[in-house]
Amino acid sequence: MRYLPKSPSERQEMLDAIGARSVDQLFESIPEKFRFREPLPLPGPLSEMEIIQYFRERAAENSRGYTSFLGAGVYPHLRSVVTDALVQRGEFLTSYTPYQAEFAQGTLTAIFEFQTLMCQLTGQEVANASMYDGSTALTEAVLMAERLTGRRRVLVARSVHPEYRQVLATYAKNLGLAIEEVGFISSGQVDRAALTPAKLAEAAAVVIQSPNFFGVLEEVPAVAETAHAGGALLITTVTEAVSLGIVRPPAEADIVAMEGQALGITPSYGGPYVGVIATREKYVRQMPGRLAGQTTDAAGRRGFVLTLATREQHIRREKATSNICTNEALFALVATIQMCLLGKEGLRELAAQNLSKARFAQAELEKIPGVRRAFSAPAFNEFTLEFPRSVKLVNAALLREKIVGPYVLGTQYPELTKRALVCVTETTPRAEIERFAAALRKILETPI
Amino acid sequence: MYPADYRYTKDHEWIKADGAVGTVGITDYAQAELGDVVFVELPKVGAQVKTGQSFGTVESVKAVSEIYSPVGGEVIETNGLLADSPEKINQDPHGVAWLVKIRLANPKEISALMDAAAYQSYIAEKAKEHSA
């Protein structure tokens, strides 16, 4: 990003233009005690050579040579240099969500492609231009269900990402929305028997995740049938979008709320990412955020518009469908480019690689005495193991071997102590999986 | 243009009373201001509405507008025709494109509303403001 300095005469010119005498006068509505008077505590200027040296040193502080088996909602996948080169084009990198929408045909085209891909991936009919991330997409999906059904309760599976449930709880708290948790059974899947007709009769929606937080696949059609029989909608969230390259899409869900990070966005300490909301066409007017649509111009040429924008916050203010969403245009573009580069076959191949590497890792790890599979239902690229001792202690020992260990499920699930959530993607070489298995075997053989 | 047996609100709804039941719609002026109507959102039958309270929306290609109830009461019927043919609001706003029928909580409320003549001078005034 460029730094645009202002000379004193330019400042004066701007002050004259708005009719302010001084910068102080401009800010006089801010009480004196809140104004910062001292100079900013910044280090002095450096020469170009010193700056380069400084950043080289910082870069050298990065850890190298580690292999990670940590997933739990964020997944390392390969990203092509083509994606990097394209998204860094100034036309995309510096533009904000288009408010003078039709002027930005390139951006609208990219959004339209994104929506189309998301519909194909999720098995739904309409998708919007994107949301902040998976957790806010899920929350908006719940609010949609509330508007559609007029019901004020939601049944949320405990196997939904704990952070997603926390975000939902934060929104729900002041909206008077009641959230009831639904447990899981020994397969790791949602306890369908707990979805009783009495509970469903009051519920706006049943919320599940697939693959769920424990890595196992939910039986989406069966849960949908149960939910629908009770008059509730089914919301399915997906945190690992690559799974849809090989897993049946959640087409039976009424709303799909997905995290798009796995589609070529680097983990980057937790964000920014891109959320996806996809649903049935009949629910489109309750869908938050923006939607690019295809049309023809006066000369009959193909063009794109922002459609249904009349319900959006910049037009409808406090009566808008949502005032707490935005679109993540740049990251939606990353996902779009990544998917187009992969193509249908490529995505399937990528998903197949994840699945087979995870299966291999699971088989290798289960050979270790005392290590066993925790849940019986099929999984994708993450699976839960039970260790004979604390996962935290094991992870500390693994880190000394330059291995970032699995997610410690006990931190969010007291009932799942000694359970480790292992993630393996196409980025994990076979030799590293074997090194992990050997290190774990050695650690568990050593007395505490 | 504006039926003499209807009553009108400043928010451009009309109501026609038939005993204890009032039929409600939006006026020709309202539909012309909105432009092509593409979607209508109506309350559920059985819903209780209050005078001046929004009970639904009319969405056109350029705006989404609230519909305010001219009277208080219970919604006893909604116009199913509008789900598939919202454009009827542009074609026949005072006739086939009525929105809801309300069982009036207080039939006397209607007499407080504008009659056709008063409404016509009200919108003529509006038009003058716009051109001023």
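I take helices (H or I, at least four residues) and strands (E, at least two) as DSSP runs, numbered from the N terminus. This is a predicted model, so local features need pLDDT of at least 70 and side-chain atom pairs count only at pLDDT 80 or more, while totals for chains, interfaces and linings use all residues. Residues are numbered from 1 along each chain as its sequence is written, and chains are lettered from A and ligands numbered from 1 in the order in which they are written.

**Entry: cis peptide bonds**

I looked up Pro272(A) and found it in the loop between strand 7 (255-259) and strand 8 (275-279) of chain A. The bond that joins Gly271(A) to Pro272(A) is cis, and its omega is near 0 degrees.

Next I went to Pro211(A), which sits in the loop between strand 5 (203-209) and helix 10 (220-229) of chain A. Here the peptide bond from Ser210(A) is cis too, with omega near -10 degrees.

**Entry: positive phi**

Which phi does Lys402(A) have? I read a positive value of about 60 degrees, although Lys402(A) is not a glycine. I placed Lys402(A) in the loop between helix 13 (391-400) and strand 13 (403-404) of chain A.

Then I checked Lys418(A), also not a glycine, and found a positive phi near 65 degrees. Its loop runs between strand 14 (407-408) and strand 15 (419-423) of chain A.

I call a residue buried if 20 or more other C-beta atoms lie within 10 Å of its own, exposed if 12 or fewer, and partly exposed in between, with C-beta atoms placed from the backbone. Lys402(A) has 14 other C-beta atoms within 10 Å, so I noted it as partly exposed. Lys418(A) has 18 within 10 Å, so I noted Lys418(A) as partly exposed.
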